[in-house]
Amino acid sequence: MRRKLAAGNWKMNGISAGLTELQSLAATHADADVDILICPPATLLHRAAEIAQDTSIRIGGQDCHANAAGAHTGDISAQMLGDAGATAVIVGHSERREDHDERNEDVRAKAKAAIDAGLTAVICLGESLAQREAANTLDIIAGQMSGSIPDLATGENVVIAYEPIWAIGTGKVPTLEQIGEVHDFIRARLERRFGEGVGRSVRLLYGGSVKPGNAADIFAVPNVDGALVGGASLKAADFSPIISALETS
């Protein structure tokens, strides 16, 4: 049975004062029936991990370098994230793919580095609006899966997040049928590549304008095991209802 996961990506938001939101979230969900992951900016990661210690919340990074160490000014390795208290890291987010020209092979290398460092790799997939309108969504997802997911993936070390690029931060949300179609497709391809056992154990998250008002409907879609939430994860008052909706789904 896959344990559901509510993940929050704070992106480039948050300074020290924002950690009170984490404290509030931990107090509200002291006995959570789902996994909760918060990925703050790197400047807050260690302090966030200290706050989350002995709570139901786990802390993750937003990106990592593919190498364990070296002359890579400004970059952070997966091992460094783990040393700071992270248990997971997001790789391949569309904002990294677009803003930093990350290719599937780059994402795959980062995911492997994360797994090698003992972290869970949250691998993001998603199509653009042009690709959706051209009816190329499943082809795009298939290519991203083949190129971005390392061969050593299991349900323990990899989470897949489907985030249609056109829905991230726009307020636009795919229909439940569209979400279901992509999640079913991802599940089938995972089973085909890794076998039924591993394929069914990998958790699939939906991301893209998830809010308290639509969370319950999204979580009712088969093969949706949780969400990767952006803006709505910054405030405990917004993220908490999403977690609660997941707990009752």
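## Burial and overall form

Of the 249 residues of the protein, 50% count as buried, where buried means under 20% relative accessible area, exposed means over 50%, and partly exposed lies in between (1.4 Å probe, protein chains only). This is a predicted model, in which local features need pLDDT of at least 70 and side-chain atom pairs count only at pLDDT 80 or more, while totals for chains, interfaces and linings use all residues. Residues are numbered from 1 along each chain as its sequence is written, and side-chain values use heavy atoms, with hydrogens and water left out.

The secondary structure comes to eleven helices and eight strands; helices (H or I, at least four residues) and strands (E, at least two) are DSSP runs, numbered from the N terminus. The radius of gyration of the protein is 17 Å, close to the 18 Å that the globule rule gives for 249 residues, so the protein is as compact as a globular protein of that length. This radius is taken over C-alpha atoms, and the rule is 2.2 Å times the number of residues to the power 0.38. Along the principal axes, the C-alpha atoms fill a box of roughly 45 × 45 × 35 Å.

## Contacts and surface

A contact means heavy atoms within 4.5 Å. Among contacts in the protein with a separation of 6 or more, 73% are between residues 24 or more positions apart. The protein exposes about 11000 Å², of which carbon and sulfur atoms supply 50%; such areas come from the Shrake-Rupley method with a 1.4 Å probe, and for residues only the protein chains shown count as cover.

## Strands 1 and 8

Strand 1 (residues 5-9) and strand 8 run parallel and are joined by four bridges; two strands pair if DSSP finds at least two bridges between them. Gly8 has Val229 as its bridge partner in strand 8. From strand 8 (residues 226-229), Gly226 and Leu228 point one way and Ala227 and Val229 the other way, yet all are buried.

Asn9 lies in strand 1 and counts as buried because its relative accessibility is 5%. Residues that Asn9 touches include Leu228, Val229, Cys39 and His93, not counting residues up to four places away in sequence. A polar atom of the Asn9 side chain lies 3.0 Å from the backbone nitrogen of Lys11. A polar contact is a pair of N or O atoms within 3.5 Å; within protein, one must be able to donate a hydrogen and the other to accept it, and residues adjacent in sequence count only if both atoms are side-chain atoms.

## Arg2

Arg2 is placed in the segment before strand 1 and, at 25% relative accessibility, counts as partly exposed. Its side chain makes a polar contact with the side chain of Asp225 (2.9 Å), and a polar atom of the Arg2 side chain lies 2.7 Å from the backbone oxygen of Arg200. Arg2 and Arg203 are 201 residues apart in sequence and 6.5 Å apart in space, C-alpha to C-alpha.

## Helix 7

The twelve residues of helix 7 (residues 137-148) should span 16 Å at 1.5 Å a residue, and the end C-alpha atoms are 16 Å apart, which agrees. The expected span is 1.5 Å times one less than the number of residues. Buried residues of helix 7 include Thr137, Ile141 and Met145. The buried residues of this helix pack against elements including helix 5 (104-116), strand 5 (120-125) and helix 8 (176-194).
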